[in-house]
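Student: Can you walk me through this structure? I'd like to know what the words mean as we go.

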Amino acid sequence: MSSCICLPHAILLQPKKNRNSSKYSNNGRRLGHCTEVPRNVNMENLQSGYLFPEIFKHESEHIRKYPNASLIRLGIGDTTEPIPDIITSAMAEHSFALSTVKGYKGYGEEQGNMALRKAIAEIFYKDMGLKGNEIFISDGAQCDISRLQMLLGSNMTVAVQDPSFPAYIDSSVIVGQAGKFQPETEKYKNIVYMNCTPENGFFPDLSTTSRTNIIFFCSPNNPTGHAASWNQLKKLVEFAKANGSIIIYDSAYAAYISDASPRSIYEIPGAREVAIEISSFSKFAGFTGVRLGWTVVPEELVYSNGYPVIKDFDRIVCTCFNGASNIAQAGGLACLSPDGYQALNSVVGYYKENAKIIVDTFESLGLKVYGGKNAPYAWVHFPGKSSWNTFAEILEKTHIVTIPGSGFGPGGEEYIRVSAFGHRECILEASRRLKKFYT
């Protein structure tokens with residue numbers, strides 16, 4: 001959008017053929033010069049802003065209203081605890097080495113450092129038959145969602161869990177898969193919404209789910225915190241095989257699983273033939289700002305014509321990405337060292353204890369709470385109440401930021417998501433404020 005606002009006389013300065021083509025901004029004011037390039041119709045089909053920047057806007061407005069309030073952020077899932085020094089030391093050492101002739105390195109492989117790729121295969125996919133060359137290092141799982149959408153194209157049909165991480169739907173809209181938004185249902189016409197609620201164990205009824213090319217599935221789920229069982233994932237793999245579909249499986253929160261639930265889709269027989277898995281160091285290692293993730297594309301996964309998907313994804317990566325930061329990858333290797341891995345598990349344990357405090361707090365108030373066991377999120381039910389109204393009420397009365405459940409899809413109405421990422425003193429203070437407000 002041009003920053004110039006057209007003054008009344010400016011229309012007279014336009015060539016005659018353009019005088020009747022005045023353009024208007026969202027607030028109705030005439031703009032200055034406009035190109036003849038139309039806006040991408042898919043961008044026009046997006047609803048409001050992306051969820052998390054919208055939450056930040058509410059935070060900022062609240063701070064302006066209450067400048068002296070002590071705000072507690074339990075909304076956006078950003079980690080808060082320091083990265084263990086065994087990991088930051090490795091990144092610092094690599095960084096300092098770049099200032100020497102011997103230690104300097106420029107471009108690396110677009111697919112990532114093979115030592116890191118092999119380490120991921122060994123630690124996260126041991127005994128699952130995956131090799132280092134099937135793992136592509138990236139700058140985060142959310143970035144890879146968009147690269148996979150570019151790989152698959154606009155003609156795909158898509159299914160998502162409802163509720164689910166909003167990037168799956170928004171990226172589907174942007175590439176043209178979603179169809180028109182339907183205000184009466186708050187759903188996109190061409191997206192299949194797989195209802196995941198307490199009534200069905202947070203797992204969709206696949207017997208009534210329409211066939212789609214792509215199935216986005218997150219476990220442990222963001223926002224509900226539910227980790228799918230082995231039997232549930234077996235049904236999902238069988239469903240994908242029967243329908244000739246590809247599962248895009250998001251395991252970004254696998255490190256938080258505390259029971260026997262699978263940490264990878266590839267624990268299920270046959271999954272290598274139907275599934276791509278994306279994951280991340282963000283919530284496992286506190287790399288939300290460092291940016292490091294990976295995508296697994298098995299060699300057995302092929303298109304309808306028999307062509308290997310891995311070859312096309314390799315081309316996408318080589319065309320659209322110059323590889324993850326070599327400093328971040330040095331940190332990733334340190335994360336997977338015996339001492340680094342142990343240190344990170346301690347941090348994950350800290351967030352799990354935070355989650356238990358949050359769950360216990362809301363349950364003590366007589367509310368039904370899900371999640372918090374296998375994920376760093378509590379999914380809290382406020383029956384009969386608008387999720388945005390509950391969000392606003394908690395923010396206004398307790399100065400605590402949460403996330404309204406409807407931001408994750410229509411299935412999230414009446415819920416809020418509460419993050420366990422926070423310093424312990426903040427979690428305890430939030431507990432005190434909530435108990436004081438609701439009792």
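Tutor: Start with a definition: buried means under 20% relative accessible area, exposed means over 50%, and partly exposed is in between, using a 1.4 Å probe and protein chains only. This is a predicted model, where local features need pLDDT of at least 70 and side-chain atom pairs count only at pLDDT 80 or more, while totals for chains, interfaces and linings use all residues. Residues are numbered from 1 along each chain as its sequence is written, and side-chain values use heavy atoms, with hydrogens and water left out.

Student: OK, threonine 197 then. Buried or exposed?

Tutor: Threonine 197 is buried, because its relative accessible area is 16%. The residue sits in the loop between strand 6 (191–195) and strand 7 (214–218). Helices (H or I, at least four residues) and strands (E, at least two) are DSSP runs, numbered from the N terminus.

Student: How far is threonine 197 from serine 171?

Tutor: In sequence they are 26 residues apart, and in space 24 Å, C-alpha to C-alpha.

Student: Which helix has serine 171 in its contact with helix 5?

Tutor: Serine 171 belongs to helix 6, where Ala167, Tyr168, Ser172 and Val175 also take part; helix 5 brings Gln142, Ile145 and Gln149. Contact means heavy atoms within 4.5 Å.

Student: At what angle do helix 5 and helix 6 pack?

Tutor: Helix 5 (residues 141–152) and helix 6 (residues 166–175) pack at about 35°, and their axes are 10 Å apart. Axes are lines fitted to C-alpha atoms, for helices over the stretch in contact, and angles run from 0 to 180 degrees between N-to-C directions. The crossing is right-handed. A crossing is right-handed if the near helix is turned clockwise from the far one by less than a right angle, and left-handed if anticlockwise.

Student: What classes of residue does the contact of helix 5 with helix 6 have?

Tutor: It has 4 nonpolar, 4 polar and no charged residues. Here Ala, Val, Leu, Ile, Met, Phe, Trp, Tyr, Cys and Pro count as nonpolar, Asp, Glu, Lys and Arg as charged, and the others, Gly among them, as polar.

Student: And what about helix 3 and helix 10?

Tutor: The axes of helix 3 (residues 85–97) and helix 10 (residues 326–335) come within 8 Å and cross at roughly 145°. That crossing is right-handed. Residues in the contact include Ile86, Ala90 and His94 of helix 3, and Ile327, Gly331 and Ala334 of helix 10. By class, the contact has 9 nonpolar, 4 polar and no charged residues.

Student: New topic. How many disulfides are there?

Tutor: The structure holds 0 disulfides, a disulfide being a pair of cysteine sulfur atoms within 2.5 Å. Take cysteine 196: the nearest cysteine sulfur, that of cysteine 218, is 11 Å away. Cysteine 196 counts as buried because its relative accessibility is 4%.

Student: And cysteine 34, how accessible is that?

Tutor: Cysteine 34 is partly exposed, because its relative accessible area is 22%.

Student: Which residues touch the most other members in the largest nonpolar core?

Tutor: That core has 99 residues, and those touching the most other members are Ile120, Tyr125, Phe217, Ile247, Tyr266, Phe281 and Phe287. A nonpolar core is a set of buried Ala, Val, Leu, Ile, Met, Phe, Trp, Tyr and Cys residues joined through side-chain atoms within 4.5 Å.

Student: What does isoleucine 247 touch?

Tutor: Not counting residues up to four places away in sequence, isoleucine 247 touches Ile215, Phe217, Leu236, Val237, Ala240, Val274, Ala275 and Ile276.

Student: Last one: what is the phi of glutamate 186?

Tutor: Glutamate 186 has a positive phi of about 60°, although it is not a glycine. Glutamate 186 is placed in the loop between strand 4 (181–182) and strand 5 (187–188), and counts as partly exposed because its relative accessibility is 47%.
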